[in-house]
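Please look through the sequence and the model below before reading on.

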Amino acid sequence: MKKISLRTRVLTGAVAAAALGAGTFGAMSANASAPAAASATTVKADTANRNLQQSTHLTVDAASKAAQAALDAAEKENQRVAVAVVDRNGNTILTLRGDGAGPQAYESAEKKAYTAVSWNAPTSELAKRLAQAPNLKDIPGTLFLAGGAPVQVKGAPVAGIGVAGAPSGDLDEKFAAAGVAALAK
C-alpha cells in the first residue's frame, strides 16, 4: 500500500471541507429562500386555542400620556417628582424625571410602579399588609411605600404607575392616580 504524503492529506482534507461547506451553504440558501412547510407542531394563533392567552398591554403613547398627566398634577402643586410606568411584567416602559426631582426619586418611582402592578393594588394598601407579612418587603425590586397605582383593564393589571419625590406618599399616590385617570379619557 502506498503511503500518502502529509501535503496530499492536507489538500484532500481542505477540498473535502470546502465541498461539505459549499453543500451546506447551498442547502441553507435553498431553505432560506423557499417557504417553510407547516410542521405538525405549528400552533395556530386563534382565540379558540385554549393553549394561547391574549393579554392587554399599554402602548408607549398611553404610557407617555399617563406619565405626563402624573407629572403635570405634581407640578400644579409645586412638587418635584419622578414618574415611572411599567408593563404587566414589571418592565419599565418609560420614566420621567421632573425638574428638581431628587436622585432617589427615579428608582423609587420604578419600584413603586413594579409593586403596584405585581399585586394589582395601590402601594399604600400594600404597605398596610406589612404588619401581617413583614417578609414582603424582602422581595427584590419592590417598595412598599405609598405612591404606586395599578392600571387595570376588566380588573386585571396591565401596567403600574409609580411616583416618588413629594414630601408624602399620599401626594405621590395622588399624582399616580392622576396618571391612571388620564388613561380613561
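## The chain as a whole

What percentage of the 185 residues of the chain count as buried? In this predicted model, the share of residues that count as buried is 32%. The accessible surface of the chain comes to about 11,800 Å², and carbon and sulfur atoms account for 56% of that surface.

The chain holds five helices and four strands, which follow one another from the N terminus in the order α-α-β-β-α-α-β-β-α. Among the contacts in the chain with a separation of 6 or more, 61% are between residues 24 or more positions apart.

## Helix 2 and helix 5

Two packed helices are described by the angle between their axes and the distance between the axes. For helix 2, residues 60–76, and helix 5, residues 169–183, the axes come within 7 Å and cross at roughly 140°. Angles over 145 degrees would count as roughly antiparallel and those from 65 to 115 as roughly perpendicular, and helix 2 and helix 5 are therefore oblique to each other. The crossing of helix 2 with helix 5 is right-handed.

On the side of helix 2, the residues that take part in the contact are Ala-62, Lys-65, Ala-66, Ala-69, Ala-70, Ala-73 and Ala-74, while helix 5 contributes Phe-175, Ala-178, Gly-179, Ala-182 and Leu-183. By class, the residues of this contact between helix 2 and helix 5 comprise ten nonpolar, one polar and one charged.

## Glu-110 in helix 3

Glu-110 belongs to helix 3, which covers residues 105–119. Because buried means under 20% relative accessible area and exposed means over 50%, Glu-110 counts as partly exposed at 21% relative accessibility.

Leaving aside residues up to four places away in sequence, Glu-110 touches Ala-84, Val-86, Thr-92 and Thr-95. With Thr-95, Glu-110 has a sequence separation of 15 residues, and the C-alpha atoms of Glu-110 and Thr-95 are 7.7 Å apart in space.

## Two loop residues with positive phi

Which phi value does Asn-78 have, although it is not a glycine? The phi of Asn-78 is positive, at about 55°. Asn-78 lies in the loop between helix 2 and strand 1, the latter spanning 82–87, and with 64% relative accessibility Asn-78 counts as exposed.

Lys-154, likewise a residue other than glycine, has a positive phi near 55°. Lys-154 is located in the loop between strand 3, residues 148–153, and strand 4, residues 156–164, and its relative accessible area of 86% makes Lys-154 exposed.

How values were computed:
Residues are numbered from 1 along each chain as its sequence is written. This is a predicted model: local features need pLDDT of at least 70, side-chain atom pairs count only at pLDDT 80 or more; totals for chains, interfaces and linings use all residues. Side-chain values use heavy atoms; hydrogens and water are left out. Buried means under 20% relative accessible area, exposed over 50%, partly exposed in between (1.4 Å probe, protein chains only). Contact means heavy atoms within 4.5 Å. Accessible areas come from the Shrake-Rupley method with a 1.4 Å probe; for residues, only the protein chains shown count as cover. Axes are lines fitted to C-alpha atoms, for helices over the stretch in contact, and angles run from 0 to 180 degrees between N-to-C directions. Angles under 35 degrees count as roughly parallel, over 145 as roughly antiparallel, 65 to 115 as roughly perpendicular and the rest as oblique. A crossing is left-handed if the near helix is turned anticlockwise from the far one by less than a right angle, and right-handed if clockwise. Ala, Val, Leu, Ile, Met, Phe, Trp, Tyr, Cys and Pro count as nonpolar, Asp, Glu, Lys and Arg as charged, and the others, Gly among them, as polar.
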